[in-house]
Amino acid sequence: MLIQLRDIVEQVSKADDIHQALDILVKDTCKAMQTECCTVYLANNEQSRLELMATQGLKFSGQTIHIPFSEGLVGLVRRSAEPLNLAYAQKHPNFKYFPELGENVYQSFLGTPIIHRRQILGVLVIQQRSPRSFSEVEESFLVTLAAQLAVILAHSQAQGQWQLNENQVHSYKGIAASSGIAIGQIWWDDTHPDLSQIAPASCLDTSKEQEWLALAVESAIADFRRMRKRFDSELNKDTLAIFELFIHLLHDPMLRADLNKQIEKGDRADWALRQVVELYAERFASMSDSYLRERANDIKELGQRLLYFLHNSEVRAPSFKNPVILVVRELTASILAAIPKDKLLAVISLEGAANSHAAILSRALGIPAIMGAQLKPESVSNKLGIVDGYSGDIFVEPAAQLLAEYQSLANEEEELSDLVAQELSQPAATKDGQRVELMLNAGLSADTNIAVNQGVDGVGLYRTEISFLLHNRFPSEEEQTQQYRTILATYPDKRVVMRTLDIGGDKALPYFPIEEDNPFLGWRGIRFTLDHPDIFLIQLRSMLKASTGLGNLNIMLPMISGCQEIDESLMLIERAYQEVSFIDPNIQRPQIGIMLEVPSMLYLLPMVADKVDFVSVGTNDLTQYLLAVDRNNSRVSEVYEHVHPSVVMALKHIYDMCQQYKLPVCICGELAGDPIGALLLIGMGYRSLSMNTSNVARIKYILRKSDSSELQDLLNKAIKQCYGSDIYNLVFDYLEQKDLAGFIRAGKK
Ligand code: PEP
Ligand code: MG
């Protein structure tokens with residue numbers, strides 16, 4: 001049966017459009033189940049009815065036939081969201097005869113809902129003339145088939161291939177990743193050249209071209225591996241196999257050697273690629289075996305993808321004059337870094353989730369962003385769009401009234417940001433005068449000019465990864481020293497907390513690929529740098545040298561999961577310090593802290609207090625690890641709850657322990673810059689918050705209108721709730737009372 005199931009799914013996914021796909025489905029299912037009738041209905045939620053889309057065995061020739069949600073056995077399957085298996089369907093109290101279907105000839109009925117991510121997309125039914133009690137195995141076959149069909153349907157729905165709810169034709173939903181509203185032209189970069197258009201071009205420096213090509217090959221391999229993993233859970237083995245093949249080919253020494261040889265002849269990398277790919281494709285095309293002949297197209301596709309990486313290895317600013325809503329397949333920090341901020345109204349990324357580093361960067365830049373949006377970029381490009389970064393809604397070619405509503409929301413938003421900006425230079429404090437240290441998260445952007453950040457008490461988290469990500473190799477000691485010096489010198493009288501390299505997870509270096517099944521649980525942060533003391537020591541020495549004469553450097557260690565890692569890091573920091581202070585006695589010993597983001601550290605705080613000078617809570621990863629939810633995976637983004645009760649309890653525990661052991665503590669995860677999160681944290685007792693530039697003004701404003709003892713009461717209530725939504729709503733109500741709910745447009749949960 002598994003083979004039949006796979007065959008049906010494969011045939012269905014190969015179809016040109018959804019109608020053809022469903023026709024194939026009903027025919028093949030009848031055959032596989034040895035029955036006479038199979039029908040698929042899709043839900044039209046606006047009209048509360050199920051519409052017959054394809055059938056084998058019922059009277060249907062493309063006219064509209066529908067069954068209200070509330071009626072018949074098909075309606076019952078939808079309502080109960082469960083399979084229904086009846087040998088004598090007509091005896092069931094919910095049976096209803098629909099004359100237009102001509103189903104009176106059928107006695108038995110097996111129906112199952114088609115569910116995608118909790119949403120009922122339709123109902124799949126098989127029927128038979130003679131009474132037949134479908135076996136358990138047959139029932140589970142149909143359930144499995146419906147689950148596979150759901151994935152195909154959801155995908156084609158997102159691609160705009162079918163849409164029963166007429167009013168939604170021009171709207172899409174993604175994950176709200178960076179708040180704000182944008183209205184403007186949608187832009188999708190479809191300017192990547194076709195491999196067949198690459199013209200002959202020569203090069204002067206062959207080793208540079210070879211390096212360029214090698215980088216593209218590595219990036220392509222990493223991308224194919226990611227794709228392979230993503231498709232792994234789906235039954236479409238064809239797609240999976242193609243990625244396997246690509247990876248295999250890219251590792252093929254002969255292909256690599258041929259490419260390099262072509263470059264050695266003086267050809268530019270992309271021109272060399274075209275020639276080699278065409279040669280290989282011709283070779284395959286002339287083979288007698290039909291399977292191998294088919295591979296000619298695969299080779300061409302591989303070449304095309306490689307070309308994409310060749311042209312993308314240097315991210316260039318796109319050539320649009322007016323600011324746009326940018327659509328990208330996967331938002332990366334380098335894309336954001338390459339495009340001037342005044343050219344970006346908003347970003348829509350087809351992949352990713354709200355806590356990926358690219359999403360954090362868009363928040364830092366104050367650019368509304370939506371991640372995991374399922375839409376077909378070509379069909380929305382160049383059209384007028386609205387991006388609602390609060391709700392995750394995208395509207396394409398909106399009606400005049402909707403446009404006017406959003407226009408006035410955008411105006412309100414502008415007024416709000418003018419209002420909060422007026423008091424930016426005042427120190428952060430609550431209404432009752434409790435001073436809050438308000439620090440800045442910096443470094444995700446390639447832009448080192450962070451002088452904009454007046455009105456902060458220092459830098460609470462400087463992420464050092466970006467300069468590593470933007471190079472073709474590890475940056476040198478001198479390069480790093482200069483970079484860190486710029487930051488430290490911008491805040492001569494303030495504390496700057498520099499975090500040592502935290503690569504791994506979703507931050508892979510193109511020149512040092514790390515292949516792991518679970519990158520977030522793998523070789524990441526301090527685990528990597530301790531295994532590479534060479535790289536670690538260069539970075540430590542650079543930080544120390546950059547701080548000479550300033551004395552404001554604090555070093556912070558990421559992804560610490562045990563005391564051993566702290567001890568080993570301290571030894572290396574001491575060694576680096578001895579080395580540099582021997583040459584330059586003006587260099588002071590830095591304060592040293594750790595990120596608290598792995599849950600194991602919650603229990604080790606008493607021991608940690610003896611070893612380090614401060615801790616900083618990384619709520620992004622702490623939430624990920626506490627709730628066992630990938631911060632980057634849009635499928636589970638609903639599970640990633642910022643104010644999940646356990647997250648709130650863990651944060652309270654950390655604060656209380658740090659108080660007890662007199663260990664200074666700051667929050668540097670995204671929660672600190674979120675109005676709901678910030679109020680809860682102040683209620684817990686935290687008095688040091690570090691956040692992105694774009695949040696500084698509004699958090700200051702909100703704090704100034706809030707009373708610390710009221711927040712403490714609020715927290716005491718929040719900590720007793722068992723649902724994250726109730727915690728959120730409690731704080732939301734408080735903001736509403738204070739007339740501050742305008743800062744959270746997502747509304748109540
Ligand atoms: C965190 O995990 O909360 C954090 C601040 O670090 P990053 O987002 O860079 O992983
Ligand atoms: Mg982290």
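Helix 20 is largely enclosed by the rest of the structure, because 7 of its 8 residues are buried (buried being under 20% relative accessible area, with a 1.4 Å probe and protein chains only; helices being DSSP runs of H or I with at least four residues, and strands runs of E with at least two, numbered from the N terminus). This is a predicted model, in which local features need pLDDT of at least 70 and side-chain atom pairs count only at pLDDT 80 or more, while totals for chains, interfaces and linings use all residues. Residues are numbered from 1 along each chain as its sequence is written, ligands are numbered from 1 in the order in which they are written, and side-chain values use heavy atoms, leaving out hydrogens and water.

The buried set in helix 20 runs T619, N620, D621, L622, T623, Q624 and Y625. Just past the end of helix 20, A628 adopts a positive phi of about 50°.

The magnesium ion (ligand 2) is coordinated by E597 (OE) and D621 (OD) at 2.0 to 2.1 Å (donors being N, O and S atoms within 2.8 Å of the metal, or 3.2 Å for Na, K and Ca; water is not among the atoms, so the site may look incomplete). E597 sits in the loop between strand 19 (591–596) and helix 19 (605–611) and D621 in helix 20 (residues 619–626), so the pair ties together parts 24 residues apart in sequence. Both E597 and D621 are buried.

Technical notes: Buried < 20%, exposed > 50% of the residue type's maximum accessible area, 1.4 Å probe, protein only.
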